[in-house]
Amino acid sequence: MKAKWIVIAIVNMLALLFFGAMTLFFLKLKGSLPDQQTVSRWSDGSMPYAQVSIYFEPSAAMTIDTVFMTRTNMEKKLVENSLSPEKEGTRLWADAFSTAQEKITVSTETASADTSMFAVGGDFFLFHPQELLYGSYFSDNDVMQDRVVIDDVLAWRLYGSSDIAGKPVIINGKYFFIAGVFRQSDNSDVKKVYGEKPRIFMSYQGYELLGKTPRYECYEACLPSPVKGAGARMIKEALSASDDTCLAVENSSRYSLKNRFGIIKNFGMRSVVDKAVVYPYWENAARITEDKSALLLVLQIIGLAVPVSTVTYLIAKLIRGRKKLIKKAIDAIKRKYNDFKKGRRERPKEKKKKQTSAAV
């Protein structure tokens, strides 16, 4: 009987260790993609925030005028909800927008390379921080909008080095200058969807210098969300976006317990998308981690099943044997009481005996 309980204790200990290991794996996975952690970089924790991404069908993609109108509408929404920055002159929220991936050829005087390009604007590099090796990012406020950020693979193909900040590149016959060079991510999930072609990011204003009118299929915002879902609702209302032509993702809750259970429940239908939306590589990478987080939840549940079952069994056994336990407890109390009474009766006799002995 004793050996049986030793085995049960060991099995439960191993199950709890397995649960702990799966939990650690999940926490590591949850923080593995910087693109999903904008709230932690933007918010100081004084109020709840949400990171929201909206992906549009090509026919419904935003123009720069739509972006400006959305910002105006968003400011009105914040005022309506009595939300304002604590310090004057600071911003309460941030946004970013980007075109769909486009294949282009980038060249120098001596070399050229096929690459994948995104035209971006707003606080794009707040939402998508890269590991800069050299140089810096560009921004919407730059005086000159002819700067680009490229990855290290493209840098080596063009110049045979990654230390090339300030060097020129030629795109469609126009000269642009390298603001910064970043290292391609070594995250396994990002690698799966990043593709073999190197990347280049240019400002939407720089894209316009090519004589093109950019249309943005991805709009992202990091904004206050006083109650759950409020941030996503406000940004969708500010966009006047139709559910028929776009998909909304609340990045900041994608690893929540509710969302992970939802993925498990709808796992068979998860890959079905009934809209002509093309996700950028960072969203595809995040969806991979979501699936992994759901699998880890299943493993966590399995790890907890053994100790929970053991505790349930012990409680059930305790309930079934409660009459015997109660009877044993009552008998023990009675014995203690009888022993106490017997002790009180014997103490006066002993005292009287001592007094008699003393008198003699």
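Which residue forms a salt bridge with R254? It's E283, and the closest N and O atoms of the two are 2.8 Å apart. A salt bridge here is a side-chain nitrogen of Lys or Arg within 4 Å of a carboxyl oxygen of Asp or Glu. Before going on, a word on where this comes from: this is a predicted model, where local features need pLDDT of at least 70, side-chain atom pairs count only at pLDDT 80 or more, and totals for chains, interfaces and linings use all residues. Residues are numbered from 1 along each chain as its sequence is written, and side-chain values use heavy atoms, with hydrogens and water left out.

Let's step back to the whole chain. Its secondary structure comes to 11 helices and 11 strands (DSSP runs numbered from the N terminus: helices are H or I with at least four residues, strands are E with at least two). The radius of gyration is 33 Å, well over the 21 Å that the globule rule gives for 360 residues, so the chain is more spread out than a compact globule. That radius is taken over C-alpha atoms, and the rule is 2.2 Å times the number of residues to the power 0.38. Along the principal axes, the C-alpha atoms fill a box of roughly 130 × 50 × 50 Å. Of the 360 residues, 38% count as buried (buried is under 20% relative accessible area, exposed over 50%, partly exposed in between, with a 1.4 Å probe and protein chains only).

Now for the inside. The largest nonpolar core has 55 residues, and M74, W93, F201, Y219 and I235 have the most contacts inside it. Such a core is a set of buried Ala, Val, Leu, Ile, Met, Phe, Trp, Tyr and Cys residues joined through side-chain atoms within 4.5 Å. A second, separate core of 20 residues includes A119, L154, V169 and I200. Setting aside neighbours within four places in sequence, I235 is in contact (heavy atoms within 4.5 Å) with V52, I54, M74, W93, Y219 and A221.

Back to the charged pairs. Side chains of opposite charge can pair when their charged atoms come close. The structure holds 12 salt bridges. In the opening pair, R254 is buried at 2% relative accessible area, and E283 is buried at 0%. R254 sits in the loop between strand 11 (246-250) and helix 9, while E283 is in helix 10 (residues 281-320), 29 residues apart. Another pair is E237 with K77, at 2.9 Å between the closest N and O atoms. E237 lies in helix 8 (residues 230-239) and K77 in helix 3 (residues 64-80), so this bridge ties together parts that are 160 residues apart in sequence.

Some buried charges go without a salt bridge. One of them is R260, in helix 9 (residues 257-265): the nearest side chain of opposite charge, E290, is 9.4 Å away. The side chain of D151 does have a polar contact of 2.9 Å with the side chain of Q184.

Note on methods
Polar contact = N/O pair within 3.5 Å; in protein donor to acceptor, adjacent residues only side chain to side chain. Lys, Arg positive; Asp, Glu negative; His and termini not counted.
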